[in-house]
Amino acid sequence: MNGGEVSNNAKQGVWVENGTFTLNGGKISQNNHGVLMDSGTFNMTGGEVCYNTHTNDGAGVRVNGGTFNMSGGKIYNNTSNGTGSGTGGVRADGTFNMTGGEIYNNPSTIACSQVLSLATTAKITISGDAKITKTVDGSYSVNGYKGAITISGGTFAGVANAKAEATLS
């Protein structure tokens, strides 16, 4: 996707299963999950995932399986408004690699991790020019409740911190 907009869907804006989707530009907004992945690959080199909502978590991006690679673009203003685990931004239970781009201001009614993992199969890697801004006290920039987190670069702004109850390297 090089431009345009995917918006106002009652379900996810983009669903990836056994394929590859590349977001170079454009906007995925105002959907019930911006991006939902069950398998396959999503490459985000530019564009925006914003203003999506979900009653559980992962309103912006939900990676149930597969690999989400983010080297550019922005994930922001996505809201989880239910009783789920607490991220409006990215819930990664598969693989989430962030080498660039920005994630910020993704609130939840429970907590407010910008990037969250709840599965032992999750692998979150933050490096390079990645920027994650935490905007709410008492929450986490990156929360690897059960998955593995590797942070070897990037910028954490605001009240930045990371929590891992599994592996943090």
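Contact here means heavy atoms within 4.5 Å. This is a predicted model, in which local features need pLDDT of at least 70, side-chain atom pairs count only at pLDDT 80 or more, and totals for chains, interfaces and linings use all residues. Residues are numbered from 1 along each chain as its sequence is written, and side-chain values use heavy atoms, with hydrogens and water left out.

**View 1. The surroundings of Phe68.** Phe68 is in contact with Val35, Met37, Phe42, Met44, Val61, Val63, Ile75, Thr95, Phe96 and Asn97, leaving aside neighbours within four places in sequence.

**View 2. The largest nonpolar core has 26 residues.** Such a core is a set of buried Ala, Val, Leu, Ile, Met, Phe, Trp, Tyr and Cys residues joined through side-chain atoms within 4.5 Å. Buried means under 20% relative accessible area (1.4 Å probe, protein chains only). Phe42, Phe68, Ile75, Phe96 and Ile103 touch the most other members. Strands that each supply at least two core residues include β6 (41–44), β10 (67–70) and β14 (95–98). Strands are DSSP runs (E, at least two residues), numbered from the N terminus.

**View 3. Gly47 lies in the loop between β6 and β7 (48–50).** Gly47 is buried, because its relative accessible area is 19%. Lys27 is 20 residues from Gly47 in sequence, yet their C-alpha atoms are 5.7 Å apart. Beyond four places in sequence, Gly47 touches Leu23, Asn24, Gly25, Gly26, Gly73 and Lys74.

**View 4. The chain as background to the close-ups.** The chain has 23 strands and zero helices. Buried residues make up 47% of its 169 residues. Among contacts between residues at least 6 apart in sequence, 61% join residues at least 24 apart.

Notes:
Helices (H or I, at least four residues) and strands (E, at least two) are DSSP runs, numbered from the N terminus. Buried means under 20% relative accessible area, exposed over 50%, partly exposed in between (1.4 Å probe, protein chains only).
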